[in-house]
Amino acid sequence: MYLQAKRLFKLALSPVLMLLSLFSTGAWAEQAERWQTNMAPGITEVGHQIYDLHMWVFYICVVTGIVVFGVMFYSVFAYRKERHQEPATFHENTRVEIAWTIVPFLVLLFMAVPATKTLIEIYDTDDADLDILITGYQWKWKYEYINPNGDNISFFSNLLTDGAEIANTEDKGSNYLLEVDEPVVIPVNKKVRFLVTANDVLHAWWVPALAVKRDAIPGFINEAWTKATETGVFRGQCAELCGRNHGFMPIVVNVVEEPQYEAWLGEKQAAAAEIKELMAKDFSLEELVERGKSVYTSSCAACHGANGEGGVGKAIAGSPIATGAMKEHTARVVDGVPGTAMPAFGSQLNEVDLAAVITYQRNAFGNNMGDMLQPVDIYKFKKGQ
Amino acid sequence: MATQADKNIKKLSIKLLGLVFIMFAFAMWVMPPLYDALCEALGINGKTGRQYTAVESQVDTDRIVKVQFVAQNNEMMPWEFAPNTSQVEVHPGESSQVTYYAKNTQDRYMVSQAIPSIVPSRAAEYFHKTECFCFNQQPLAAGKDADLALQFIIDRDLPKDIHVITLSYTIFDVTEMAAKQDSVAASSK
Amino acid sequence: MGAHHGPAKGLTRWLFTTNHKDIGTMYLWFSFAMFLLGGSFAMIIRAELFQPGLQIVQPEFFNQMTTMHGLVMVFGAIMPAFVGLANWMIPMMIGAPDMALPRMNNWSFWILPPTFLLLASTLLMEGGGPNFGWTFYAPLSTTYAPPSVTFFIFAVHAMGISSIMGSINIIATVVNMRAPGMTYMKMPMFVWTWLITAFLLVAVMPVLAGAVTMMLMDIHFGTSFFSAAGGGDPVLFQHVFWFFGHPEVYIIILPAFGVVSEVIPTFSRKPLFGYDSMVYATSSIAFLSFIVWAHHMYTVGMPIAGELFFMYATMLIAVPTAAKVFNWITTMFKGSITLETPMLFAIAKVFLFTVGGFSGLMLAIAPADFQYHDSYFVVAHFHYTMVAGAIFALSSAVYYWIPKWTGKMYNESMGKAHFWISFIGFNLTFFPQHFVGLAGMPRRIPDYNLMFADFNMMSSIGAFIYGASQLLFLFNIVRTITHGKPVSDPKVWEGGTTLEWTVPTPAPYHTFTTPPELK
């Protein structure tokens, strides 16, 4: 009840706050896209077709609108009582009525034909050069590059925007809420197939520049494809309400030249190999805490607070779990807590990061356990030992 | 005093109430099975059919279809779950077998259910499973692992423009659901 | 039954009344209260979206606001308001003494206040109120829902029962209680549109009840209608929901068409053009509404044949809708028009609804919808049809009939001020939303990138203007009742031709206890 009352109080104050903010120095970065009023054709053939279709239907609507509203406003002005005392009495005309049933139908045909053509194009299932499995999580995306000759490369992509920017205590950058820690990288001029699914609730993967929007449905798999014709960085967002942080799970697609893509892929594979190697390494407490801090910021801070003070999730600072038995703490992080918003990080972070973040939580925010966990311990824990 | 008008009103109201019940029943008991039937017929969501009994058919050795396998863990499903083979190339009409690896990483007994989904969804009706671990719930004792088998045949009628089929299994934790079903089954005996 | 006794005194008059006018009045006041409640939720949403960043509410509460705004506006404000109009006007328009089932009428109203009290109280519950959007897609509304979802389900059932009872009553009244000589094809258009709407309600409210019942079973009784784990499918929910939901939007708009079809002829002093084709157009819109539902789900991954079918069927709806718009315009053509407040709202409704119809046509185009879907373009579209289409028609109806209800004339300049402020506020709110939607802003987000900032600020300012104009509306109504200039001419409006304009003004407690003579 107290929280509700506080919320109501804040609401009552909001108009005042807003007026004040109008006069404060709006130090927002100016951007080229501001005042954008129309769909952008994007960087794909299909995107251009959709754009043309959109404009075509729009122009038909504008012309129809001018005619219809023209007659309407003419009638309203010309047949005002002061000018036109005696109203006409006609109230039907079968021929006219049939005509204006047929004409809209014919106009619709002019829209239906190109729409059908574009739709068939979109549903084309010709072989792709690259398959990427996209999984929506509350509230991040996972990308898995399907590799026919070896291990798949997979990683999570989290919102990068700082909490302070969202809370208005720091200036917002130009990619505010549209920036991630790990963008998905695709080669230019290659047909890329996206297999879209979800881990928990519905999500939808939408990148306007690629003209792709597909619902991500838990348990089922959907497909879409794109063929980018330009390099660059393209941004999108989740388009299906998926809970609290629906507005905070952006998508960033990096379209690069093929050699760059190969290099990136190589790096990713090397990084995966490195993780394997790191698993065998013994870390010092300092190393783990340092690595854990950045993992905490990207994976935990949104719910547990930047300083472990809690929020949607419980406080980490002084928490009986983070200052209790190591095994219990590990289980919480790796397996999650069913029925709550605490996900199982075991499938989202690698062993090194898991060990680091658990160690960090036990040795930060005033928690002073002094103990630590090695990646190999996580590995053993996961194997049920 | 019930006039003719009152009687008419009553009759009409009862009819309308009947319509209300019919529509409710339609939503509850007709739409879900109808939807399932349509899904299987049209491959909506890439749903595949029930167990398929193999019929003798010629193997179409002129065509090669690539079948990719992917695996997903639904939220809260801590098992390890992955295909042992990431893709195979098969001829339509030919029976193939692959396995998925599953390991219960927890220190308790758990039951899983795998849900298949195929893209392109048009291919779903041509993908016949003669044997699949997804037909049943799969239990595993604490710490145990297993190779789960899938045997399939791709229909010779698969549209010519489909060269790649992706089969995804999403594994769900149904331990509680299975326990409930067991207790219902036990109590009804 | 003593035909000429007046209303009972005190609270019991309202609690136990079976009089269609009393019940109509209660429906109208209740819906206005809900309109203000749903409107204040909208103000919170727009205040949060005034600027990028989180200022006023947290995302969790924001989601509850968008959900409750939709639910309260659709089920609490618009639908009961039209039922209120139906109660007041249908008996008077067809020459009947009252509704066919007066006691049930009392029930169908009195279910509503406790239902919405319950729904609103979920906001104070542990875990908060419904936060899954007014379309409550599973599994966000089942496995992942806050505990209050059970109360939400109960509330949806209760309002469904209320609507169904109301509709049965309306059908029974129209079918059985028409004055001698009032054939179907002589009924006022408002009665026609309501008759068709009532059939739609009887057909689809049970489907909504089925959807929430399946949800309830999934949540509490271990079934898996909407969960893949047990052999169900979350997409099934969307099909069931929109099988209800698409007819539902016509349930909201058809009575609004009816109102406009009364107001425009009156103030054009010319009979409605193409009455017969209006009836056929309304019926065909109602029929088509059952076969277009999946156009809300183009991105869900349907087979191409399905996409094409739903696209073509949806586009077809433009044909009867266009015919209706042409009919209204032709009614005005060569009329003798005066622009009192009801007429202003009716013309604006035709104009802005048609704009919403154009964006609807764009949304029907499946490939283009891959870009529009779940963006602010959709938000702009359905507010053009719901707010300008339905609420403007409701404002028009209130100004049109309030002299008949109260025997007092509203203040014309205040009415016109209400209109112009609403008109400007409305367009300022929702027109820029087309732009941000096309530029890539998804709906239902509490915060956004700076590129969307300017239009969102415009939109919020417009929303505050539109919201404030409704207070002027309220003031004008109260002022009319307390200080309005008395009118006694039964006709009130020079051009009024339907039966309600033949009874005294204000309408006595009982009208047409003996059926009127029809020429």
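Domains of chain A, to start. This is a predicted model. Chain A splits into three parts: domain 1, built from 39-71 + 98-124; domain 2, covering 130-275; and domain 3, covering 280-382. Note that domain 1 comes in two stretches of sequence. How far apart are the centres of domain 1 and domain 3 of chain A? Over C-alpha atoms, 54 Å.

Now, what does chain A touch? Take chain C. Here 91 residues of chain A are in contact with 86 residues of chain C. On the chain A side, several elements each give at least two residues. Three are helices: H1 (2-23), H2 (45-78) and H3 (94-122). Three are strands: E6 (203-207), E7 (212-216) and E9 (232-238). Which one gives the largest share? H3(A), with 14 residues. By class, this side of chain A has 49 nonpolar, 26 polar and 16 charged residues.

Next, chain B. In this interface, 27 residues of chain A are in contact with 28 residues of chain B. Strand E1 (130-137) and strand E5 (192-198) of chain A each supply at least two residues of that side. The largest share comes from E1(A), and that is 3 residues.

Two packed helices are described by the angle between their axes and the distance between the axes. Our pair is H8 (residues 234-268) and H14 (residues 376-406), both of chain C. The angle is about 45°, and the axes are 9 Å apart. The crossing of H8(C) and H14(C) is left-handed.

Who makes the contact? From H8(C): C:Ile252, C:Ile253, C:Ala256, C:Val259, C:Val260 and C:Val263. From H14(C), the residues include C:Met386, C:Gly389, C:Ala390, C:Ala393 and C:Tyr400. By class, the H8(C) and H14(C) contact holds 11 nonpolar residues, 3 polar and no charged ones.

Last stop, C:Trp420. This residue sits in helix H15 (residues 412-438) of chain C. Buried, exposed or partly exposed? C:Trp420 is partly exposed, because 13 other C-beta atoms lie within 10 Å, and exposed would need 12 or fewer, buried 20 or more. Compare its position with C:Ser261, 159 residues apart along the chain. The C-alpha atoms of C:Trp420 and C:Ser261 are separated by 22 Å.

Terms used. Residues numbered from 1 in each chain as written. Chains lettered and ligands numbered in written order. Predicted model: local features only at pLDDT ≥ 70, side-chain atom pairs only at ≥ 80, totals over all residues. Domains from an automatic or database assignment. Axes fitted to C-alpha atoms, helices over the stretch in contact; angles between N-to-C directions. Helix = DSSP H or I, 4+ residues; strand = E, 2+ residues; numbered from the N terminus. Left-handed = near helix turned anticlockwise from the far one by under 90°. Contact = placed C-beta atoms within 7 Å. Nonpolar A, V, L, I, M, F, W, Y, C, P; charged D, E, K, R; others polar.
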